[in-house]
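Biologist: I would like to learn how to read helices and their packing from a model, one feature at a time. Could you take me through some cases?

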Amino acid sequence: MSPSTAHSTLFGRALATLPAAPIKTSCAFLPGRIRNKKEYDANPTPIVARPFPGGGGGSAFQFLPVSVGNDEDSTDAEDDVDDEREGTRRAALELMVSLSEARPALARRVDGWLPALVRACFEGVAELPESPSTLGDWLEADPADDPTDADYPHAFEQALDRLAVACTGKPVLALAFQYIPGMLASHDWCLRHGTLMAIATLGEGGARVMEVELVKVDGLVTHAFGDPHARVRFAACQCIGQLCTDLEEVIQAQHHAAIFDALLPTFRT
């Protein structure tokens with residue numbers, strides 16, 4: 001057992017012995033520490049004529065506004081504050097996920113706990129570098145040596161995965177699908193990319209629930225095979241590949257034709 005694994009195990013055991021009162025109290029301040037300060041562009045993507053391919057109405061996705069300070073004067077001191085805030089955010093995220101793993105029943109009962117975690121994770125998975133040079137580096141790089149790996153929001157993907165496994169999928173997926181359709185319809189490619197990667201991470205813990213909604217999920221993911229942004233198309237392929245692993249018996253037996261019909265044309269893009 002590695003030192004990090006041993007530490008995680010001991011930490012989880014310690015959290016499992018905590019009484020309910022401190023966990024409920026922590027819900028009053030921890031969610032505010034894991035929120036993102038970015039305001040997203042919620043305009044619909046130009047190619048999405050039907051933002052919700054599975055049917056139904058709805059409007060383009062938008063996170064509710066978050067209080068943001070005055071950032072007009074960027075200084076070294078402000079950068080230090082941002083780094084400190086980000087460190088606090090990651091630590092609070094790990095604490096909340098670890099508490100959810102150690103006490104999943106309590107996490108489901110504490111009002112606002114899971115909604116805050118799921119929202120923070122969906123904000124986090126969209127935090128990708130957006131500069132043209134970064135995209136160029138990514139397109140030219142070997143797939144095994146992603147140049148953006150150091151900046152990629154793995155922590156939020158992993159948090160969603162752990163949360164879905166700890167809470168047996170259903171409550172986490174119910175919250176996730178409040179964001180998924182609208183985020184996939186966003187004009188911001190980072191939101192579309194992050195959402196597809198989030199769906200991929202939810203497959204293991206939410207397999208039973210996702211099997212029931214597989215037609216809807218397949219429609220949302222395969223629609224992204226025609227996305228104008230290369231990284232979103234890549235994320236769609238990654239997502240389908242992971243779902244084929246987590247839900248192999250169902251998806252490969254019942255949905256292979258629809259997936260290949262959507263996938264094969266992407267080789268020409």
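This is a predicted model: local features need pLDDT of at least 70, side-chain atom pairs count only at pLDDT 80 or more; totals for chains, interfaces and linings use all residues.

Biologist: Which residues of α8 are buried?

Modeller: The general idea is that an α-helix has 3.6 residues a turn, so residues three or four places apart point the same way. In α8, the buried residues are Phe156, Glu157, Ala159, Leu160, Leu163, Ala164 and Ala166. Just after α8, Thr168 takes a positive phi of about 55°.

Biologist: How should I read the packing of two helices, and at what angle do α8 and α11 pack?

Modeller: Two packed helices are described by the angle between their axes and the distance between the axes. For α8 and helix α11 (residues 189-205), the angle is about 25° and the axes are 8 Å apart. With angles under 35 degrees counting as roughly parallel, α8 and α11 are therefore roughly parallel to each other, and their crossing is right-handed.

Biologist: Which residues of α8 and α11 meet?

Modeller: From α8 come Glu157, Leu160, Asp161, Ala164 and Val165, and from α11 come Met197, Ala198, Thr201, Leu202, Glu204 and Gly205.

Biologist: Are α13 and α14 roughly parallel or roughly antiparallel to each other?

Modeller: The axes of helix α13 (residues 214-223) and helix α14 (residues 230-246) come within 8 Å and cross at roughly 150°. Angles over 145 degrees count as roughly antiparallel, and α13 and α14 are therefore roughly antiparallel to each other. Their crossing is left-handed. Val217, Asp218, Val221 and Thr222 of α13 make the contact with Ala236, Cys239, Ile240 and Leu243 of α14, and the residues involved divide into 6 nonpolar, 1 polar and 1 charged.

Biologist: What is the relative accessible area of Lys216, and how far apart in space are Lys216 and Pro181?

Modeller: Lys216 is found in helix α13, and its relative accessible area of 40% makes it partly exposed, since that term covers values between 20% and 50%. Although Lys216 and Pro181 are 35 residues apart in sequence, their C-alpha atoms are 10.0 Å apart in space.

Methods
Residues are numbered from 1 along each chain as its sequence is written. Side-chain values use heavy atoms; hydrogens and water are left out. Axes are lines fitted to C-alpha atoms, for helices over the stretch in contact, and angles run from 0 to 180 degrees between N-to-C directions. Helices (H or I, at least four residues) and strands (E, at least two) are DSSP runs, numbered from the N terminus. Angles under 35 degrees count as roughly parallel, over 145 as roughly antiparallel, 65 to 115 as roughly perpendicular and the rest as oblique. A crossing is left-handed if the near helix is turned anticlockwise from the far one by less than a right angle, and right-handed if clockwise. Contact means heavy atoms within 4.5 Å. Ala, Val, Leu, Ile, Met, Phe, Trp, Tyr, Cys and Pro count as nonpolar, Asp, Glu, Lys and Arg as charged, and the others, Gly among them, as polar. Buried means under 20% relative accessible area, exposed over 50%, partly exposed in between (1.4 Å probe, protein chains only).
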